[in-house]
Amino acid sequence: MNASNTKMTDISEIKRPRRWHILVFLLPALIVYTAVMILPLIETLRQSFFNTVEGQYTFVGLSNFKVLFGDPRWAADFWNALKNNFIFFLIHMAVQNPIGIALAAMLSIPKLRFSAFYRTAIFLPTLLSFVIVGFIWKLILSPIWGVAPFLLDTVGLKWLFAPWLGKPDTALIAVSLISVWQYIGIPMMLIYAALLNIPDEVIEAAELDGVTGWSQFWKIKLPLILPAIGIVSILTFVGNFNAFDLIYTVQGALAGPDGSTDILGTLLYRTFFGFQLQLGDRSMGATIAAIMFLIILAGVSLYLFVIQRRMRRYQF
Amino acid sequence: MSKARASFGRTAGVHVALIAYTLIALFPVFLTIANSFKSRNAIFREPLALPTPETFSLIGYQTVLKQGDFLGYFQNSTIVTVVSIALVLLFGAMAAFALSEYRFRGNALMGLYLALGIMIPIRLGTVAILQGMVATGLVNTLTALILVYTAQGLPLAVFILSEFMRTVSDDLKNAGRIDGLSEYAIFFRLVLPLVRPAMATVAVFTMIPIWKDLWFPLILAPAETTKTVTLGSQIFIGQFVTNWNAVLSALSLAIFPVLILYVIFSRQLIRGITAGAVK
C-alpha cells in the first residue's frame, strides 16, 4: 500500500495535476457536517458571551456564566440539575456496568445454548424509543394499574412498593434505573465482543496453571477487557450529560416532582424554549449548552489523554 | 464425574440468571402489546393475562387510527430515516474513500476534524441550528431533520468506512487504473460493492438514533404535517393519557416497526457491534 502510494505521489509531483477528485469526494460530507454541526456549535458557544442589555444585543463577557452560577433566579436550578446529572451518571456506572459485565461473561461461556436468543432479547430495549420506554414504565410503576405492586407481592415484597416516580427522593433513582434497563444492551455487547477477542491460548495457559472459574475471571479476563469498560464508561458519560428524552417523556419538561429529576438537558430545553410561565432565553440557553459542551469535552479529554494512555493494552 | 456435575450445575445457574434477565428485558414490551388487544375492564382487572376471546378488543387501535394521523407520522419518519441514511452512506463513503485512498496535505487533520462529531453531540448546537433553520425557512420541513441527521451520522460513518476501505486491495484499484477507469469509476464500481457489509452496519447504526430521536422533531419540526412517529406518539399519548386502550395501542404501533426491523437486521447489527466496535 505504501509503495503504491509513494509511486502515485512521485508521478503527481512530476506532472502536478490538480487532483480535483479528492475535493469532489470530500466536499459533500464536509459541507453538510460543517454547516449543520460545527458552525452552529461554534455559534452557540459564541452566543453564550452575548446577551441583551437595555434592548441592545451586546458582548457581555462571562456575565452569563456568572448569572448562571450565582444569580438566585438561576443558580439553584443550575446546581440542582448539575448535581442530578452526576447522580444520574453515577447510578449508570454503578448498576449498568456490573450487570452488563455479568451478562456478557455468562453469554461468552463457550457452547452455551440459546445464547443468540438471550443476546437478541436483552438488546431489544436499546432499540425502543424513549417515548415507548418512558410510557411503558410509567404505566408499570403506576399505582393505578397495580402491575408493579402485584409483581412485588408474588415475591413477598409488596411493602417495598411506593409511587417511586412521584416522590422527590426516589424519582431520580427510578428514572436512572429505567434508563439503565434501556441501555444495558450496549455495555453487554461491547464487553461481550472484548471477551470473545481474548485468544484461547491465554485461557488455556491459565487453566494449565490451575486458574479457573471466578479467579480466572478476576485475574485474567477482567484486566483484558478494561479497555472495553473504558469505552463503555465514556459513551455512558457523553450520553448521560446529553440526555433529555427519557426524563421529558416520563416526568415532563419540568422534570418533576419538584425538579428532583431535572438534568442539564431538560434545563437547557426549558431555558431555551421556555415552558409555561417561563419565557425562552436564547443567551442563557447558549450558556447552558456551553457548560454541557465543556463538561463533555473535559470527560472525553480525560478519557483520551489520561485513562486510555495509562491503560495497558495487550496485543495478541 | 463430580466435575461434570459441578459444571452442569453452573450451566443451569447461568441459564436461570440469563432467563431472569431476558424476562426483565422483554416483560414491559410483552405487557404493552398483550394489553393493547384487551378491553378496558380487562386491562385493569387482569393486567398480566393474555387477551382471551371474551376480553379481546380493538377499541384502542380504532381510537388511534381515527384520532391520530399515524400513517402520516410513519411516512414522515420513513422519509426522514431513509433519505438521511442514503445521504450518510453516500457522502460518508465518498469522504472515507478520499481519506483512506489518497495522500494529500491535511489528510490526518481532516480525519480528526470529521471524527470530532463522534464524541461531541450535535444537540449542543441546537440554539444556532434552530436560528439557521429559521433564517433559511426550513423550520417545520422534513429537510431540516434530514440535514441535521445527515450531519449527525457522518462522523461515525466516515470513521467506520475508512477503516474498511483500507482493507480493499490496492492491486485491484491499480488494475482498474491501468484499464483506464477514472477515480470515480474506481470508487463506485470497484470499492463500493466491496464494502457493502460495512455499509449495512453503518446503515443500522445510523438508523437507530434517527428513528428514536425526540429532541429535533420537537424543536425543528413540531407541525402536524411533519411530525415523526416518536413525536406523534408522544403528543398523542399526552392528549389521551387517561384512555389506556388508546395509549397502549399507540405504544404497540410504535413498537411494531422496530420489532420487525430488528428481527430482520439483528444478526447484522450484533455482528457489526461485536466485530468493529472494540479493537
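Q: Which residues of H3(A) and H14(A) meet each other?
A: From H3(A) come Asn64(A), Phe65(A) and Leu68(A), and they meet Ser283(A), Met284(A) and Thr287(A) of H14(A); to be in contact, two residues need C-beta atoms, placed from the backbone, within 7 Å. A word on the model: it is predicted, so local features need pLDDT of at least 70, side-chain atom pairs count only at pLDDT 80 or more, and totals for chains, interfaces and linings use all residues. Residues are numbered from 1 along each chain as its sequence is written, while chains are lettered from A and ligands numbered from 1 in the order in which they are written.

Q: Why are S1(A) and S2(A) called paired strands?
A: Pairing asks for at least two DSSP bridges between two strands. Strand S1 (residues 50-53) and strand S2 (residues 56-59) of chain A run antiparallel and are joined by four bridges. Along the pair, Val53(A) has Gln56(A) as its bridge partner, and Asn51(A) stands opposite Thr58(A). A strand here is a DSSP run (E) of at least two residues, and a helix one (H or I) of at least four, numbered from the N terminus.

Q: Is Glu54(A) buried or exposed, and why?
A: Glu54(A) has 5 other C-beta atoms within 10 Å, and is therefore exposed. The cut-offs are 12 or fewer for exposed, 20 or more for buried and partly exposed in between, with C-beta atoms placed from the backbone.

Q: Why is Asn140(B) called partly exposed?
A: Asn140(B) is partly exposed because it has 16 C-beta neighbours inside 10 Å, a count between the two cut-offs. Asn140(B) lies in the loop between helix H6 (126-135) and helix H7 (142-165) of chain B. Like Glu54(A), which has a positive phi, Asn140(B) has a positive phi, of about 60°, although it is not a glycine. Although 80 residues separate Asn140(B) and Leu220(B) in sequence, their C-alpha atoms are 5.9 Å apart. Beyond four places in sequence, the contacts of Asn140(B) are Ala221(B), Ala223(B) and Thr226(B).

Q: What makes Ile210(B) count as buried?
A: Ile210(B) is buried because it has 24 C-beta neighbours inside 10 Å. Its place is in helix H10 (residues 196-212) of chain B. Outside four places in sequence, Ile210(B) is in contact with Val80(B), Thr81(B), Ser84(B) and Tyr149(B).

Q: Why is helix H12 of chain B described as mostly covered?
A: Of the 11 residues in H12(B) (residues 229-239), eight are buried. Among them are Val229(B), Leu231(B), Phe236(B) and Ile237(B).

Q: What makes a set of residues the largest nonpolar core here, and which have the most contacts inside it?
A: A nonpolar core takes buried Ala, Val, Leu, Ile, Met, Phe, Trp, Tyr and Cys residues joined through C-beta atoms within 7 Å. The largest core has 159 residues, and those with the most contacts inside it include Ile191(A), Met292(A), Ala95(B) and Leu161(B). Beyond four places in sequence, Leu161(B) is in contact with Gly92(B), Ala93(B), Ala96(B), Val195(B), Ala198(B) and Val202(B).

Q: How many residues of chains A and B are in contact with each other?
A: There are 67 residues of chain A in contact with 67 residues of chain B. On the side of chain A, helix H2 (residues 20-47) gives the most, with 15 residues. By class, that side has 50 nonpolar, 12 polar and five charged residues.

Notes: Nonpolar A, V, L, I, M, F, W, Y, C, P; charged D, E, K, R; others polar.
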